[in-house]
Amino acid sequence: MLSLQELVGEISKKSDYNEDEIRKMIEEKQDELSGLVSEEGAAYIVARELGLTLLEEQVRNLKVKDVLPGMFSVDLKCKIAKITDIRTFEKNGTQGAVQNILMGDETGIIRLSLWNDEIEEFQKTGIKEGDTVKLMKILSKEDNLGNPELRLGKKGNIEKTKKEDIMLPASASSISISLATKEKTIDNLKPGDRANIKGTLIQLFKRKPYYEICEKCGGRIEKMNDKWLCKNCGETNLKFAMLLSGIVDDGYGNIRTVMFRENAEKVLGKNADYIQKIVEKGKDPLEVYESTNAVGKRLSLVGSVKENDFTGNIEFVVNDVNDLNLGKESQDLLDSMEGVKKLDS
Ligand SMILES: [Zn+2]
């Protein structure tokens with residue numbers, strides 16, 4: 001989005017008015033609309049009334065993070081992260097097919113969903129994973145999680161461009177990890193499996209949410225004769241690492257799930273330093289469970305299934321986690337989870 005100053009500059013550059021005059025017009029427009037629009041909003045209206053097309057130009061420079069559901073004529077430059085297999089289905093007696101293309105730039109990852117004939121069109125372009133592409137006049141719709149999803153529509157076009165260095169965000173690698181790992185439902189998990197499960201965190205165990213690690217090497221640190229010592233490097237200073245365990249349910253079954261370090265931080269929405277500060281202030285670290293919205297989150301988890309030596313039950317040890325509930329669905333889920341939270345021991 002352009003700032004107010006940039007908008008004023010653009011309008012002035014493209015019209016016969018100087019910046020002060022433009023500012024005055026924006027103010028008047030705001031008054032006229034009884035302050036219902038922001039200065040930026042009023043600037044767009046002023047531009048439009050002057051016959052200027054600021055928005056179109058802005059659309060040309062869109063980044064993935066700027067794409068919202070319901071846009072039409074989106075132009076983007078992306079790198080292809082992943083092309084999924086074609087999935088066929090039958091609906092009302094007719095065969096259909098769908099294929100997803102995940103792509104992104106340094107600001108995020110987005111899905112282009114291809115349907116039926118569009119799949120063949122796409123194949124003709126010869127686009128492969130890792131290619132740089134230009135999308136023109138693409139539509140964006142809202143997917144069932146409330147996130148934007150791209151569609152070719154009638155006018156949309158995708159073409160390969162000269163290879164450019166577009167950096168994908170760090171989450172892209174975890175998306176690839178999730179896609180590369182076989183997705184399983186919880187009822188099908190066996191000890192030794194490595195799998196991707198998608199489910200809701202329905203409960204957190206309110207246990208000590210951290211463990212001590214060596215400040216220097218990050219390895220496990222042990223308490224010997226009342227003193228902490230890292231057997232790896234001899235360091236005596238410690239820091240905290242986060243640990244979280246709970247239950248994930250995917251509608252087919254549920255499993256005890258354990259997360260460490262960054263994965264636990266991502267889900268809890270608090271980091272280890274925060275917990276360390278609480279503890280150093282003499283407060284109860286368990287209070288982090290009171291102030292988190294982690295329960296009710298829809299998660300995509302990659303990890304391995306281990307058998308607990310002690311109980312014989314299986315548990316899921318997480319290597320990578322992504323939050324699936326973005327958008328409004330999350331709140332609905334949270335609300336429906338209120339009952340579950342109360343059962344927490
Ligand atoms: Zn160490």
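This is a predicted model: local features need pLDDT of at least 70, side-chain atom pairs count only at pLDDT 80 or more; totals for chains, interfaces and linings use all residues.
Biologist: Which residues coordinate the zinc ion, and what arrangement do the donor atoms make?

Modeller: As a general idea, the ideal angle at a metal with four tetrahedral donors is 109.5 degrees. Here the zinc ion is coordinated through the SG atoms of Cys214, Cys217, Cys230 and Cys233, at 2.2 to 2.3 Å, and because the 4 donor atoms subtend angles of 103 to 123°, the arrangement is tetrahedral.

Biologist: What spacing do the donors follow along the chain, and which parts does the pair Cys217 and Cys233 tie together?

Modeller: The spacing is C-x2-C-x12-C-x2-C. Cys217 sits in the loop between strand E9 (210–214) and strand E10 (222–224), while Cys233 sits in the loop between strand E11 (227–229) and strand E12 (238–249), so the pair ties together parts that are 16 residues apart in sequence. Cys217 is partly exposed, with a relative accessible area of 36%, and Cys233 is also partly exposed, at 30% relative accessibility.

Biologist: How should I read the packing of helix H1 and helix H3?

Modeller: Two packed helices are described by the angle between their axes and the distance between the axes. In this model the axes of H1 (residues 4–14) and H3 (residues 39–49) come within 9 Å and cross at roughly 15°, which makes H1 roughly parallel to H3. The crossing is left-handed, and the contact is made by Leu4, Leu7 and Ile11 of H1 with Glu39, Glu40, Ala43, Tyr44 and Ala47 of H3.

Conventions: Residues are numbered from 1 along each chain as its sequence is written. Side-chain values use heavy atoms; hydrogens and water are left out. Donors are N, O and S atoms within 2.8 Å of the metal (3.2 Å for Na, K and Ca); water is not among the atoms, so sites may look incomplete. Four donors count as tetrahedral if all angles lie between 85 and 135 degrees; four count as square planar and six as octahedral if opposite donors are over 155 degrees apart and all others between 65 and 115; anything else is irregular. Helices (H or I, at least four residues) and strands (E, at least two) are DSSP runs, numbered from the N terminus. Buried means under 20% relative accessible area, exposed over 50%, partly exposed in between (1.4 Å probe, protein chains only). Axes are lines fitted to C-alpha atoms, for helices over the stretch in contact, and angles run from 0 to 180 degrees between N-to-C directions. Angles under 35 degrees count as roughly parallel, over 145 as roughly antiparallel, 65 to 115 as roughly perpendicular and the rest as oblique. A crossing is left-handed if the near helix is turned anticlockwise from the far one by less than a right angle, and right-handed if clockwise. Contact means heavy atoms within 4.5 Å.
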